[in-house]
Amino acid sequence: TLPGIVSEFIGRLDPSFVRYAFIVLTPAGTPGGALISARRAFRRAGKDLDAGFTIRMPSNDLALSDVQSPTKQRAILARADEKLAAIIRSIAAGERRFHTIFPLLLPLAWLATAILGSALSHHRHALDRRFFAENSCTGCGICVQVCPAENIVLVDGRPQWKHRCEACMACINYC
């Protein structure tokens with residue numbers, strides 16, 4: 001589904017000045033129901049989403065997936081660059097266009113978003129309960145700096161998570 005921090009940002013938008021609203025999603029695999037969630041969030045904010053795009057990226061979820069080899073990551077990023085150029089052209093032209101998963105899977109994505117998305121969004125803030133700093137942690141504070149949710153503080157030179165995690169994995173990846 002759509003990350004909670006993104007949904008909250010969309011909810012704070014003032015749509016009165018927006019002529020063309022678009023979103024670019026960067027999933028590591030299938031976008032699932034994130035585009036459906038984005039369209040709903042924009043409607044709740046008072047604006048229809050005009051376009052939605054996805055660019056597949058390498059996975060950064062070290063907790064739930066394997067990291068792709070550098071060769072595979074470079075290939076994914078090269079395809080992403082090509083797709084980004086096409087997306088830029090679509091946006092510049094003001095095209096109303098949405099990336100969709102295989103049409104027969106759309107009802108399944110909608111159902112999964114409705115059921116799992118709400119369940120995951122309720123539990124996402126607790127994901128960091130499994131995080132810890134190893135003894136090799138130097139207390140440099142990079143994790144604190146990169147966390148978009150301001151979820152990490154250093155206490156006596158050790159990171160402590162405040163249970164407002166957005167599961168972006170920036171703390172783990174940058175560390």
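Here are some friendly notes on the side-chain pairs, cores and cysteines of this predicted model.

1. First, the ground rules. Because this is a predicted model, local features need pLDDT of at least 70 and side-chain atom pairs count only at pLDDT 80 or more, while totals for chains, interfaces and linings use all residues. Residues are numbered from 1 along each chain as its sequence is written, and side-chain values use heavy atoms, with hydrogens and water left out.

2. I would begin with the nonpolar cores (sets of buried Ala, Val, Leu, Ile, Met, Phe, Trp, Tyr and Cys residues joined through side-chain atoms within 4.5 Å). Buried here means under 20% relative accessible area, exposed over 50%, and partly exposed in between, with a 1.4 Å probe and protein chains only. The largest core has 12 residues, among them L2, I10, I23, L35, F42 and L49. Two elements, β1 (22–25) and α2, each give two or more residues to this core, and α2 provides the largest share, 5 residues. Helices (H or I, at least four residues) and strands (E, at least two) are DSSP runs, numbered from the N terminus. A second, separate core of 9 residues includes C143, A149, I152 and C165.

3. Not counting residues up to four places away in sequence, I10 touches L2, I23, A41, F42 and A45; contact means heavy atoms within 4.5 Å.

4. Just after the helix, G46 takes a positive phi of about 95 degrees.

5. What does the charged end of R39 sit over? It sits over the ring of F98, 3.7 Å from the ring centre. The rule asks for NZ of Lys or CZ of Arg within 6 Å of the ring centre and within 35 degrees of the ring normal. Leaving aside neighbours within four places in sequence, R39 is in contact with L49 and F98. The C-alpha atoms of R39 and I23 are separated by 9.2 Å, and these residues are 16 apart along the chain.

6. Now the salt bridges (a side-chain nitrogen of Lys or Arg within 4 Å of a carboxyl oxygen of Asp or Glu). The structure holds 4 of them. One joins R43 and D48, with the closest N and O atoms 3.5 Å apart; R43 is partly exposed at 49% relative accessibility, and D48 is partly exposed at 45%.

7. D50 takes part in two salt bridges that I would view together. K47 and D50 meet at 3.3 Å, N to O, and both residues are buried. R96 and D50 meet at 2.7 Å, N to O. This second pair links distant parts of the chain, 46 residues apart: R96 is in the loop between α3 (70–92) and α4, and D50 is in the loop between α2 (34–44) and β2 (51–54). At 56% relative accessibility R96 counts as exposed, whereas D50 counts as buried at 8%. Salt bridges that share partners join K47, D50 and R96 into one network.

8. On to the aromatic rings, where the structure holds 2 aromatic pairs. Y20 and F22 form a tilted pair, 6.0 Å centre to centre with 40 degrees between the planes. Rings of Phe, Tyr and Trp (its six-membered ring) pair if their centres lie within 6.5 Å; planes under 30 degrees apart count as stacked, over 60 as edge-to-face and the rest as tilted. Both partners are partly exposed, Y20 with a relative accessible area of 22% and F22 with 37%.

9. Why is the pair of F131 and W161 edge-to-face? The ring centres of F131 and W161 are 5.9 Å apart and their planes lie at 80 degrees, so the pair is edge-to-face. F131 lies in the loop between α4 (106–123) and α5 (142–146) and W161 in strand β4 (residues 158–161), so the pair ties together parts that are 30 residues apart in sequence. F131 is buried, with a relative accessible area of 16%, and W161 is buried, with 16%.

10. Last, the cysteines. The count comes to 0 disulfides, a disulfide being a pair of cysteine sulfur atoms within 2.5 Å. The sulfur of C168 has its closest cysteine sulfur in C147, 6.0 Å away and too far for a bond. For C175 the closest cysteine sulfur is in C137, at 6.3 Å, again too far for a bond. C168 is partly exposed at a relative accessible area of 32%, while C175 is exposed at 82%.
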